[in-house]
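This report goes through a few local features of one protein model. Please look at the sequence and structure first.

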Amino acid sequence: RRGSLCDRHCSTINSDLGEPGCHPHRPRGPTAGPPPHPEECESCARTTLTAENAVEANKLSNNYKFGFKKWKSHVTARPWEERSEIVKELYCDLTVLRGPAGSTVTCGNVLYLLLFGWWLSLLHGLVAAAMFLTVVGAPHGRLCWDLAGYFLWPFGKAIQRVEVPKSQEAGVGESSALLGGPTPGRWRPRCWEGTGHWRRVGTAAWLCLGYPVLALSHGLVCVTSWLLIVTIPVAKLSARSASRVLLLPPERVRVRRIRMTEVPQEGEVILCCYRAANPYYYKYSVHGLNVFAVNLLPLVLVTLLLGYLDSHNHLSSSTLKFSLALLSIMPLSYYIGMAIASISAQSTFAVGAVVNATFGSVTELTFYISALLKGSREGSACYAEVVKAALTGTLVGCVLFIPGLCMVIGGIRHQEQRFNSRSAGVSSALLFLSVGGVFAPTLFSKVYGKLVCGECHNVTQNPLGHYLCHSCHLDLMDNNGTLYYSHVQPLVYTVSLLLPAGYLVGLCFTLKTHSHIYDIHVSGCHMPGHHHSAVVHWSRWRALVILLLSTLCMSACADLATEHISPILTNSTISQYFIGVTVLAMVPELPEIVNGIQFALQNNLSLSIEIGNCIAVQVCMLQIPILVLFTVFYPTNFTLLFSDLHVYASMFSVVLMNYTFMDGKCDYFQGDPL
């Protein structure tokens, strides 16, 4: 009832000011803040989101729902006219002539000359000499000679495909993509005139001797420059050269400077490059996937092949395999997040909730279960301690590190950032209760457990003095384990059942009965003359297939990581707690950290905070109960009993988070201690 009254009151104010539709001068993208005249409508401040289509609107609204993965990237193709000029330049084809636009001597172009230009030019010159020696391949040699000068410094030059008049093609027996008529002004051997036989011989010599070498070199340049990301224009240049320029008839290719082509051209421009590097290519995407995730995908294949084919470490060490497995988890986490966001945006609320609850924690659970299985096979409690350390590290990192990092980075751009303190308070209260439930068995055991020490020394030489004891621990198995089996274990199972039930209650509270706390309004933007139809990057079935394949690869990488973690702990001074709290806890969450930073830079700190809270709540209310229930069906060394350091660190993190988010505003100074 209160939400409807707020809507009525705000609509009355907006009607006096004019309908707040979509205006050309209004900045696009999610904007958070109170409506006009906040003093008159302070109690019903709402977040207004602008979306291009219904699918994107559904994804944006899912970002504010409890239990749904917060995703920044678009799941649909953005309209071309709405993109910035910087982004448009990233996707432009290398066939557009712009005329003289300043000097071509830039740092990126000089870097191209030092890395690729000099040896590409030298290689084309050598191939040209070899083709001249064959006589029949002399036209291709002349083309390679022209391309040698082009690839030494391709900036400010253009490659054109000119059409040969049909009158000049008379006498040619055959024609194909590589067999074309001669063009006046370029020397060719006399044997090429009047017959197609020697032309075919020259083409065969080119395809056998010259083209494979140049295609291989351009392929190497293409792969290297693509992996460097900022030099993607060089990758496009090399790919087009190998796939089109080198396969054209030599008499139809012309290399000219830009100032010579400012008049109407004689033929089609097939290659024209101005800059070899662009620092904004970190925004580049392929079918909706960020270029970093695309470049890291081959690493997953290398990791799996090296891990399972070289099981005896003949080609690499355990340290390398462990590092590769962890690095492979990052792109797989990105693919899983993208697939979940795509399915949720194109499905109903029920389907989205099920997918997020099922696959939202699959990245962490695959590693935890793999580690527990290996520890059970080897009879070692070390892996269970690693899992506990990773759980604590994830909890502390998501509660303090992710929001603190987002506050600092977002505070550099925005002097003060505001967020919905009430919604953050709901998440904080739920997190506080879940943390208390997780550590309840530990606190109970410390109160009623029996302290047993391995060795004690009297440091005062007095029977009533002080004793120094070593190797002390709580013994819960006293009297045949009566305390553990009669009190602690039933408490663990009870908590493991109540925490998921509390998660469902939180879903009902924030999404159904008290949804007005979030008060999200999504409105479409339809400019005159523009029609924004939803073109999804991944359909539901494609996203489901990618989700299942990524989950399968994730389990394989987790198995490799747990397989090769034991030699690292044995042969180095790194403790199992340090690896669990830092590396294993934060590496799977890197895509979420990037999403939080992007939201903070857009002055949307609410979602940055919710990202950390959502992961922490899922750790306490879903992941830990699943691990406990897993041990019921497959006995392992995992028990829901943590050390003092884990308990104190987690409790302190939650209390500090509640104190920081109390006033609903922050700056980079408040985020620095976190």
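Asp-146 and Arg-142 are four residues apart in helix H5 (residues 138–152), so about one helical turn separates them. Helices (H or I, at least four residues) and strands (E, at least two) are DSSP runs, numbered from the N terminus.

## Basis of the values

The model is predicted: local features need pLDDT of at least 70 and side-chain atom pairs count only at pLDDT 80 or more, while totals for chains, interfaces and linings use all residues. Residues are numbered from 1 along each chain as its sequence is written, and side-chain values use heavy atoms, with hydrogens and water left out.

## Other salt bridges

The count of salt bridges comes to nine. One of them joins Asp-93 and Arg-240, with the closest N and O atoms 3.0 Å apart. Asp-93 lies in the loop between helix H3 (85–91) and helix H4 (107–133) and Arg-240 in helix H7 (residues 232–243), so this pair ties together parts that are 147 residues apart in sequence. Asp-93 is partly exposed at 39% relative accessible area, whereas Arg-240 counts as buried at 19%.

Glu-268 and Arg-244 also form a salt bridge (3.1 Å, N to O). The pair links distant parts of the chain, 24 residues apart: Glu-268 is in strand S5 (residues 268–273) and Arg-244 in the loop between H7 and strand S4 (253–257). Lys-374, Glu-378 and Glu-563 are linked in a network of salt bridges.

## Helix H20 and its surroundings

Helix H19 (residues 590–601) and H20 pack with their axes 7 Å apart and at an angle of about 160°. The two helices are therefore roughly antiparallel (the term applies to angles over 145 degrees).

Tyr-493, Leu-497, Leu-629, Val-632 and Phe-633 form a nonpolar patch on the surface, with about 510 Å² of accessible area together. Such a patch joins nonpolar side chains (Val, Leu, Ile, Met, Phe, Trp, Tyr) within 5 Å, from residues with over 30% relative accessible area and no salt bridge. H20 gives the most to the patch, with three residues.

Note on methods: Patch = residues over 30% accessible without salt bridge, like charges linked within 9 Å, V, L, I, M, F, W, Y side chains within 5 Å. Areas by Shrake-Rupley, 256 points an atom, 1.4 Å probe, with all protein chains shown as cover. Salt bridge = Lys/Arg side-chain N within 4 Å of Asp/Glu carboxyl O. Axes fitted to C-alpha atoms, helices over the stretch in contact; angles between N-to-C directions. Parallel < 35°, antiparallel > 145°, perpendicular 65-115°, else oblique. Buried < 20%, exposed > 50% of the residue type's maximum accessible area, 1.4 Å probe, protein only.
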